[in-house]
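Please read this report alongside the sequence and the 3D view.

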2 protein chains.
Amino acid sequence: MFFRGVLSGKRRLDTQHFTRTLCGSVKSCGLPTTLKSVISSGVSGSDVKVTGWVRSVRLQKRIAFAEVADGSTARGIQVIIDDPQIASSLTTGSSVEITGKLANSPGREQSKEVQAASIRIIGASDPGSYPLQKKRHSLEFLREIGHLRPRSQTISAITRLRDSAEMGLHTFFHTNDFIRIHTPILTSNDCEGGGETFNVTVPANENPGGFFGRKVNLTVSGQLHLEVFTGAFKRVYTFNPAFRAEPSQTGRHLSEFWMVEGECAFVDNISTLLDVEEEMVRSTTQYLTEHAASDLDFFLKNNEKLAQLIKKLTSPEQYVRISYTEAINILQQANTKAKFVFKPQWGHGLQSEHERYLATTHFNGPVFVTDYPAAIKPFYMLPNPDGRTVACMDLLVPGPCELLGGSLRDHEYERLKGRVKSLGYDDGSLDWYVNLRKFGTTPHGGFGMGFERYLQMITGLESVRDIISFPRYAGKCQY
Amino acid sequence: MFFRGVLSGKRRLDTQHFTRTLCGSVKSCGLPTTLKSVISSGVSGSDVKVTGWVRSVRLQKRIAFAEVADGSTARGIQVIIDDPQIASSLTTGSSVEITGKLANSPGREQSKEVQAASIRIIGASDPGSYPLQKKRHSLEFLREIGHLRPRSQTISAITRLRDSAEMGLHTFFHTNDFIRIHTPILTSNDCEGGGETFNVTVPANENPGGFFGRKVNLTVSGQLHLEVFTGAFKRVYTFNPAFRAEPSQTGRHLSEFWMVEGECAFVDNISTLLDVEEEMVRSTTQYLTEHAASDLDFFLKNNEKLAQLIKKLTSPEQYVRISYTEAINILQQANTKAKFVFKPQWGHGLQSEHERYLATTHFNGPVFVTDYPAAIKPFYMLPNPDGRTVACMDLLVPGPCELLGGSLRDHEYERLKGRVKSLGYDDGSLDWYVNLRKFGTTPHGGFGMGFERYLQMITGLESVRDIISFPRYAGKCQY
């Protein structure tokens, strides 16, 4: 029970009146043990008490098997119940506490099992109304019960993969001396978003000049703010939510998504950036194979194509690098056979069908496309000496197609100032950004990768809506 | 220069036509070395090329010393220049590339120095107009030049401390099998925020039923969404931005801030939660002393009081635990002497002056206050058997006062349903939350800690506005 102290004055503190349960690690505190810990370090033959949710029950004549999970592992632990009557009272979704003996499991599916001595049902689950029975549910159906879907095996696996992928990214960046910056969500800049930004207001203060004294919207990218930090930090990154009021109803876009963005000072060569990006994707994927192997297997089994992609992603020398001009050549040569809706043409953007052809049909793996025409790219990208293209890249991959984009940034004060002016951004709102080039400017560049798109590629799932905890898109913002 | 391949077809790929600069670690790629790496692993006597920004120049008769920093370390590296004329052309804020010999430094302030052979100015900085000269600037002044303030020593140190504190948190949670959840920023729930939530709209779609088909606002807390995951995961956490349209103009509140929130299933004892919280704060602070010692020292030097607080925070047995009722007793006994503006009275919330008295004057260290009256706490908190209080806690600390709050959550379906109805939330918008208790419910609880407040405590700074990269508050959303 919770201790209620009888402390009546300051002096009592020093006399150890508290019977606290302090401990060095929360593992040895009052928190119930995770199955991960039981499975990885429990000793066979020892008495254990495990808690979790019943995933399934298999009744046999004299014995029953229940799978109990608690989210800490891909597979739950197998519980052997020698009283079929007790077992039959266990329903899918119930929360239970089981005491018994830990044993090495003879089964292929798990390494440890519990021979139950007693079972306590903590929270029942009515089989008549519980929407998640054992049978497979479609991902579309699961989205309709968003508050329960973390209990499904697929969403559970994605949740752990997300967690591991994030830690893989942090590990990559910190191993390489990058500092994480929390770029703002609320911003008064919207030069990139155009019509696709969300506005932010306060109910009592609906006029745009209201709470903040100016129009404020949700960020579409942390890049410009990250560049502020490359005025003092050589290597920075951000891992943040970003927002786009994208009206598209496909599974490719979310209104709220997570993005990892990196920015490096003192870089004047785009191939250096490509190296960083490639190593980020490679090492993060490698991290998943090492730290989330069971969850990855859940998606790779019976999907040889995906398994081969993961192998390519984790190997060096497998990331193709071509220029936009070369990409257009390849696409034009393929045009007759591939029957593109849009004819590939120098000067025009690459359509999804073009990107898909390059990443899936032609190269069947990750492809960097670099040096796009300046006219179809944002104002801040560094012009190439050819006068026609800018020093930028997209990384195309099988699955989500466009995974990552980046560029060197124009670091010359006068040129950037002129460009901003010529584009009509000369209301002063970008002065701070241009002025960064005034004091100790350096050639620099960076990139952004959609985190859900990355995991869409890794899992082979059709829709990014199944990659995020609570998907938000046009017409949908439930919970 | 960037390689431009002559790839004309798919088959060329296998024939190694690429002259890429792939490498296992970006440290050995084209990225310029960080000073952190030079200082920690550079060999004395070796030739080095370092890049960074000039922080200061000291001219002597025949020799000059420049401090060059690149954000990767608290202190820059000392550069010895034997030509005072060249040194005098170096201005504060310039970006430079220096080649020379690395040497062990005889100085107390740094361990390594570079004897410069040549200096290249990459981006000049006009001393006449550069706002950040060597002299100390006030934090208020730095806020006015938010795009340049990362170049100041204080903000630079805070930026690295933030980075380390975040990694300390991730390390704590992952060491203890917590899974990180990305709870949503956009939400259709606003039961907690009341009038202080920001609304989100799309310009072309200004009516509340617009883009999402319902009223949407920015999250004030990830708790309810995190509870969705404690229906399947034993231990989860989130580290996210949160938003409050707080009109207060003090340095205590931000409109956009970061919050770490944890939630644990199968916990029926509030002291278990206190253990988790205490260990989170303790181990994260410990992490800072181990991974960001120089930056911490920047704030601790000449501040003995702060140094003692850090010592308390990193020691077990130093976190006091008292109940709200005991807190009221202490405050009432102190009332005459402390001259509170608000008389402490059972049933009323603790005022800032009360919290400050407890954390600073009375206990002079971290204090958990538990079991507040139910009437002044949110609907979801678990009632205590006494019928008057709920199983909750606040952690009060010297500095920001209220650092962390949490509770056990009501996990009983019927009771919570009744409570929601009695409070007038029965429009159906919380059905999903109440229904979590219907299938395999477990006693559970969690907490949230303001990340900026944590760092405010650690650094002893007056205002949270100096803890975050781009502070947003009433009247302020620049950049």
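The sections below describe a predicted model, beginning with the interface.

## Interface of chains A and B

Chain B brings 157 residues into contact with 158 residues of chain A. The area buried between the two chains is about 13,000 Å², and carbon and sulfur atoms give 62% of that area.

Six salt bridges are found across the interface of chain B and chain A. A salt bridge also joins the side chains of Asp177(A) and Lys36(B), with an N to O distance of 3.8 Å.

## The barrel of chain B

In chain B, five strands close into a barrel with the order E1-E2-E3-E5-E4. The pairing in this barrel is mixed, and the twist from one strand to the next averages 55°.

Strand E1(B), residues 47–59, is antiparallel to E4(B), and seven bridges pair them. Gly52(B) is placed opposite Val96(B) of E4(B). E1(B) is also joined by six bridges to strand E2(B), residues 64–69, again in the antiparallel sense. Here Leu59(B) faces Ala64(B) of E2(B) as its opposite residue, and a hairpin of four residues connects E1(B) to E2(B).

Strand E4(B), residues 95–104, runs antiparallel to strand E5(B), residues 112–123, and ten bridges join them. Within E5(B), Ile119(B) is the residue opposite Ile98(B).

## The open sheet of chain A

Chain A contains an open sheet of eight strands in the order E6-E10-E11-E16-E15-E14-E13-E12, with mixed pairing. Its edge strands are E6(A), residues 179–180, and E12(A), residues 320–323, each of which pairs on one side only. E6(A) runs parallel to strand E10(A), residues 235–243, and two bridges join them. Arg180(A) has Tyr237(A) in E10(A) as its bridge partner.

Helix H4(A), residues 153–175, packs on this sheet and touches E6, E10, E11 and E16 of chain A. The direction of H4(A) makes about 150° with that of E10(A). Helix H13(A), residues 451–459, lies across E10, E11, E14, E15 and E16 of chain A. H13(A) runs at about 55° to E16(A).

## A helix pair in chain A

How do the axes of H9(A) and H10(A) cross? Helix H9(A), residues 324–338, and helix H10(A), residues 352–362, have axes that come within 11 Å and cross at roughly 85°. H9(A) is therefore roughly perpendicular to H10(A), as angles of 65 to 115 degrees count as such.

On the H9(A) side, the contact is made by Ala327(A), Ile330(A), Leu331(A), Ala334(A) and Ala338(A). H10(A) contributes His354(A), Tyr357(A), Leu358(A) and His362(A). Of the residues in this contact, seven are nonpolar, two are polar and none is charged.

## Salt bridges

Over all chains, a search of the whole structure finds 38 salt bridges. One salt bridge is formed by the side chains of Asp466(A) and Arg149(A), at 3.5 Å from N to O. This pair links distant parts of the chain, 317 residues apart. Asp466(A) belongs to the segment after H13(A), whereas Arg149(A) is in the loop between helix H3(A), residues 139–144, and H4(A).

Conventions. Residues are numbered from 1 along each chain as its sequence is written. Chains are lettered from A and ligands numbered from 1 in the order in which they are written. This is a predicted model: local features need pLDDT of at least 70, side-chain atom pairs count only at pLDDT 80 or more; totals for chains, interfaces and linings use all residues. Side-chain values use heavy atoms; hydrogens and water are left out. Axes are lines fitted to C-alpha atoms, for helices over the stretch in contact, and angles run from 0 to 180 degrees between N-to-C directions. Angles under 35 degrees count as roughly parallel, over 145 as roughly antiparallel, 65 to 115 as roughly perpendicular and the rest as oblique. Contact means heavy atoms within 4.5 Å. Ala, Val, Leu, Ile, Met, Phe, Trp, Tyr, Cys and Pro count as nonpolar, Asp, Glu, Lys and Arg as charged, and the others, Gly among them, as polar. Two strands pair if DSSP finds at least two bridges between them. Buried area is the accessible area (1.4 Å probe) that two parts lose on being put together, summed over both. A salt bridge is a side-chain nitrogen of Lys or Arg within 4 Å of a carboxyl oxygen of Asp or Glu.
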